[in-house]
Amino acid sequence: MTKTLILVVAVLPAPTYAVTDQERSVLQRLNTELEAITKIIGEAQQAANPHDRKLVDYQRLRADLKKISQGIVDAANAVRREPRSLPPVDGDYR
């Protein structure tokens, strides 16, 4: 789980750009994994002992994962920019 979170955090600060189809596929797979992790967090919360001295803040953990997930969705859905046509070069530099 730690490796996944590190990977996710590494992806988020990247500037917005058009992603390749392969990258989009990997980002979608990563988002699917985050959904699975969210379900596991629910299981952990149900199994937690409310009388422990230190409790995990599951609400904050879910909120952080939701932000990460939204960042991944935004990156995966980035619209590709079409190449723009440029005016012809004059070529006369004298």
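Helix α2 (residues 21–47) packs against helix α3 (residues 58–76) at an angle of about 170°, the two axes lying 9 Å apart, where axes are lines fitted to C-alpha atoms over the stretch in contact and angles run from 0 to 180 degrees between N-to-C directions. That angle makes α2 roughly antiparallel to α3, a term applied to angles over 145 degrees. The crossing of α2 and α3 is left-handed, in that the near helix is turned anticlockwise from the far one by less than a right angle. The model is predicted, local features being reported at pLDDT of at least 70 and side-chain atom pairs only at pLDDT 80 or more, whereas totals for chains, interfaces and linings use all residues. Residues are numbered from 1 along each chain as its sequence is written, and side-chain values use heavy atoms, with hydrogens and water left out.

On the α2 side, the residues in contact (heavy atoms within 4.5 Å) include L27, L30, L34, I37 and I41, and among their counterparts on α3 are L61, L65, I68, I72 and V73. The residues of this contact divide into 14 nonpolar, five polar and two charged, with Gly counted as polar and Tyr as nonpolar.

The protein as a whole contains three helices and zero strands, helices being DSSP runs (H or I) of at least four residues and strands runs (E) of at least two. Of its 94 residues, 18% are buried, that is, under 20% relative accessible area with a 1.4 Å probe. Among the contacts with a separation of 6 or more, 74% come from residues 24 or more positions apart.

Note on methods: Angles under 35 degrees count as roughly parallel, over 145 as roughly antiparallel, 65 to 115 as roughly perpendicular and the rest as oblique. Buried means under 20% relative accessible area, exposed over 50%, partly exposed in between (1.4 Å probe, protein chains only).
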